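Here is a short briefing on one protein model.

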Amino acid sequence: MSIAKKNTTNETKQGYLLKRGEVRKGWKVRWFVVHDQQVRYFKTQEDFTSSPDSFIDFIPLDQSVVKESNEEGKSNCFQIITKHRIYYLVAKSKQDQESWLRSLSDLTLLPSEDDLFVFADDEISKMTRETSQMEDYFRQKSGRLYF
């Protein structure tokens with residue numbers, strides 16, 4: 001199975017979302033903007049309008065998974081799962097949540113957890129075959145394994 005990025009162009013998806021903090025776990029309203037392969041967030045929409053390059057931080061979308069969530073019983077919650085962190089975000093409505101999920105999934109390398117598991121299984125199978133072929137080769141050459 002080959003997984004390719006779907007869409008790497010600049011997107012215009014933006015809006016207010018609740019974001020759960022990493023350390024204190026409190027929820028804060030932030031203005032989010034999709035830009036290339038990342039989601040940048042600002043304190044307010046005005047901060048973005050006045051200085052688009054002065055974002056608080058960004059969430060990388062390459063090698064990420066986006067999925068619906070039910071964190072702390074919050075409605076319209078979703079996650080962006082990266083290599084280093086899980087981001088919890090809440091949209092104002094179910095329709096807004098679905099819109100964000102669609103937009104973000106189009107920019108991630110792996111649009112769903114299922115794709116991640118299929119990709120991992122394929123890679124493990126490939127490595128197992130290669131290891132088996134190497135073992136066969138060494139058996140034929142020497143009659144025994146050296147590793």
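In helix 2, the buried residues are Asp 96, Gln 97, Ser 99, Trp 100, Leu 101, Ser 103, Leu 104 and Ser 105. Buried means under 20% relative accessible area, exposed over 50%, and partly exposed in between (1.4 Å probe, protein chains only). The model is predicted: local features need pLDDT of at least 70, side-chain atom pairs count only at pLDDT 80 or more, and totals for chains, interfaces and linings use all residues. Residues are numbered from 1 along each chain as its sequence is written, and side-chain values use heavy atoms, with hydrogens and water left out.

**Helix 2**
- The buried residues of helix 2 pack against strand 1 (14-20), strand 2 (27-35), strand 3 (38-42), strand 5 and strand 6. Contact here means heavy atoms within 4.5 Å.
- Helix 2 covers residues 94-105, and its 12 residues should span 16 Å at 1.5 Å a residue. The expected span is 1.5 Å times one less than the number of residues.
- The end C-alpha atoms of helix 2 are 16 Å apart, which agrees with that expectation.

**Arg 85**
- Arg 85 sits in the loop between strand 6 (77-81) and strand 7 (86-90).
- Arg 85 counts as buried because its relative accessibility is 13%.
- Beyond its neighbours within four places in sequence, Arg 85 touches Lys 19, Arg 20, Gly 21, Glu 22, Tyr 41 and Ile 80.
- A polar atom of the Arg 85 side chain lies 3.4 Å from the backbone oxygen of Arg 20. A polar contact is a pair of N or O atoms within 3.5 Å; within protein, one must be able to donate a hydrogen and the other to accept it, and residues adjacent in sequence count only if both atoms are side-chain atoms.

**Ser 64**
- Ser 64 belongs to the loop between strand 4 (57-60) and strand 5 (65-69).
- With a relative accessible area of 0%, Ser 64 is buried.
- The Ser 64 side chain reaches the backbone oxygen of Pro 60 at 2.7 Å.
- Ser 64 and Arg 85 are 21 residues apart along the chain, and their C-alpha atoms are separated by 9.9 Å.

**Whole chain**
- The protein chain has 3 helices and 7 strands. These are DSSP runs numbered from the N terminus: helices are H or I with at least four residues, strands E with at least two.
- From the N terminus on, the order is β-β-β-α-β-β-β-β-α-α.
- Of the 147 residues in the protein chain, 33% are buried.
- Among contacts with a separation of 6 or more, 43% join residues 24 or more positions apart.
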